[in-house]
2 protein chains.
Amino acid sequence: MLIVQKFGGTSVGSIDRIKNVAKRAAKTRDEKHDVVVVVSAMSGETNKLVALTQQVNDLPPLREYDVVIAAGEQVSIGLLGIAFESMGYRAKSFLGFQVPIITDNAYSKARILEIKTDRMRKALRDGKIVIVAGFQGITRDGNVTTLGRGGSDTTAVALAAALKADLCEIYTDVDGVYTTDPNICSEAQKLDKISYEEMLEMASLGAKVLQLRSVEFAMKYKVPLVVRSSFNDTEGTLVAKEDKEMEQISVSAVAYDKNQAKITVLRVPDKPGIAAKLFTPLCEANINVDMIVQNVSTEGFTDLTFTVEKSDLKRALETVKKIADNIDAGNVLSDADIAKVSIIGLGMRSHAGVASKMFNTLAHQGINIEMISTSEIKISCVINSKYTELAVRILHEAFELGKQKKKK
Amino acid sequence: MLIVQKFGGTSVGSIDRIKNVAKRAAKTRDEKHDVVVVVSAMSGETNKLVALTQQVNDLPPLREYDVVIAAGEQVSIGLLGIAFESMGYRAKSFLGFQVPIITDNAYSKARILEIKTDRMRKALRDGKIVIVAGFQGITRDGNVTTLGRGGSDTTAVALAAALKADLCEIYTDVDGVYTTDPNICSEAQKLDKISYEEMLEMASLGAKVLQLRSVEFAMKYKVPLVVRSSFNDTEGTLVAKEDKEMEQISVSAVAYDKNQAKITVLRVPDKPGIAAKLFTPLCEANINVDMIVQNVSTEGFTDLTFTVEKSDLKRALETVKKIADNIDAGNVLSDADIAKVSIIGLGMRSHAGVASKMFNTLAHQGINIEMISTSEIKISCVINSKYTELAVRILHEAFELGKQKKKK
């Protein structure tokens, strides 16, 4: 088999842990599999590099920003290479440009366009363990890019797809995908299996197990994905195509995201094309807008509220204020003290009353809902961030996701 | 003019210092010059990376070692790029592979084979300040290499040669080239001018102002070189072709090198080809052998002593012990507590008695000379390392290099 194994920052957070990763991958190699290992930067390193860039400039130009923050993965692939060779295994590390992993030029959030597999295949044929730097790529013009936070997951899945790997294992610091964050809800339990669709919603809703785009990639190319711990041998969670069993559960998980901020533009003239005027420049600045709510119009004006990632708030505000002036809108308000709490489940499609149960549960505890957004298989509510943990616990309880209930 | 400016680790050792470097280079740009800036890793970073590799393996495989330690320069070029753009200047950073700076594959001590200048020239034509990562290159096969300690000097001079620059300025933490290390001899004074040949000897003898190979490059391609401080506006030292004035001074400088270790092979069978058998494998392992002394042969056996860099001692000993067994030599001894003290001067060629004055000066203080090596313009003595500072001071005094003497 050809197996891609991805190890996150905490899994390579120290020299001992890097040696441990080498042992794990070597064991797979001993079983006669071809192994491609993808690694992130050692934990804390990327944050340190980001902080350096911000000490120079709060809003660093992104081409140079990417050059700086891609350095973390370079260190970990080299160290892992040394670890393999010290154990008597032949290994070869690849930076993004050496693979090459070709991306567009959306610095700091680049998308993979193409992966050339010749050099990796040659190294595998030569009996080497292939090590690839996660998170980074190269444009066709030869500029270094990065794929956004959690981008190493995407690197791993994209490599698995390009190499037509038999399995892609995502090793992390948790045992798998949980019904909710075990750190804030002790009743949370590991799921054995989850559909791509549900995982996709969870990733986009702030469950930090996998990067959103990695799940999109996995779904698109049908890459069998396993999320598991790098610190023990517990079986992880299989992310795969939906099956009958999965559909019978109305709600599979509760997710939350505190990394959001809300922007409201008051008194927007209610004319065709206004939304495009507002959101096109944000898109061009590579700022992801998540939820958008537009109130009904009164006297030809409306209020527009939307959410962005907290880290994009400053840039987004600069852009939005300029546009608000141009289109004669009113004040621009912002609020970074919000959280998005969501419930996810394939079964929602066929089970009625899920939404009203969610709203009632929150209302019962006096938690005000500021924005609502729904899809076929998820419902999200924006609330005041101080209620996040409380909201997660009561929803987890209300939809009977706890260990107690399942054991019945 | 086209000016290459190189800033070392201490010059980019903090965010404030990086901003300072940006200001300095921007000033040159304001004067309508084309500017290419070469930077090292922030001070301490490369050491930190080397330490990480050694925590995995004392003798790391060198391909992966280079991948790790090249990461430091990547961070500083990106940060400098951000600093320029924040000041309103257009700039573009280049990693070794992006220039590209093509080297051989002698990992950790690679030599530059070729520098392609098209991309840099295009950026300059576009009005950009070009920033290049020092210390790193790429092989024709696409593997990352590094040029050895101080390699950024070589990068700068090689770029100046390839671009046919009008001037190459090496900014560092000292005001220029001194008659000896001011840290151990308060009488040391800055030289206004020094010949390539003397600078070459000084670099090879442990004066850490410039990397040896950078001086070789400068001499070969006649690159006008200025060594000066990045912290003040003091005029530095010009390194150039020798002239009449230079030749009149018998001794220009005293250098020392504590980074040496001595290996002695006892009872080596005195047969043709033995030296080759011993030194070829060391050369192949990329270990530089510096001084070699062979005693007169007694009863068909001789003792061979040579010096290597301290950091190579462990690897060198492993190699030498194997060979000593093969050629039926005796024990292999080593000593890391040695230092090399040298005097340098173009005038030595025409002034008699310089050597005897050196030996007498050392003898007078009871300092034993363990090895001697001479060239046309330098004399080196290996002594016990504990006498290093003393020896430097008395030689500096004996050859009247001090401030007092010059003022006469």
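Predicted model: local features only at pLDDT ≥ 70, side-chain atom pairs only at ≥ 80, totals over all residues.

Analyst: Residues are numbered from 1 along each chain as its sequence is written, while chains are lettered from A and ligands numbered from 1 in the order in which they are written.

Now the interface. Chain B puts 29 residues in contact with 29 residues of chain A (contact: C-beta atoms, placed from the backbone, within 7 Å). On the chain B side, the elements giving two or more residues are α1 (15–30), α2 (45–56), α3 (62–69) and α4 (71–86). Helices are DSSP runs of H or I, at least four residues, and strands are runs of E, at least two, numbered from the N terminus. α4(B) gives the most, with 11 residues. By class, this side has 17 nonpolar, 10 polar and 2 charged residues (nonpolar: Ala, Val, Leu, Ile, Met, Phe, Trp, Tyr, Cys and Pro; charged: Asp, Glu, Lys and Arg; polar: the others, Gly among them). The copies meet through the same surface, because 100% of the interface residues of chain B are also interface residues in chain A.

Next, α2(B) itself. Its 12 residues reach 17 Å from first C-alpha to last, close to the expected 16 Å (1.5 Å times one less than the number of residues). Buried here are B:Glu45, B:Thr46, B:Leu49, B:Leu52, B:Thr53 and B:Val56. Buried means 20 or more other C-beta atoms within 10 Å of the residue's own, with C-beta atoms placed from the backbone. Seen down the axis of α2(B), the buried residues fall within an arc of 120°, so they line one face of the helix (the arc is that of directions from the helix axis to the C-beta atoms). They pack against α1 (15–30) and α4 (71–86) of chain A, together with α3 and α4 of chain B.

Last, the setting. Chain A has 14 helices and 20 strands. Its C-alpha trace spans about 75 × 55 × 35 Å along the principal axes. Of the 408 residues of chain A, 49% count as buried.

Definitions and conventions
Contact = placed C-beta atoms within 7 Å. Buried ≥ 20, exposed ≤ 12 C-beta atoms within 10 Å, placed from the backbone.
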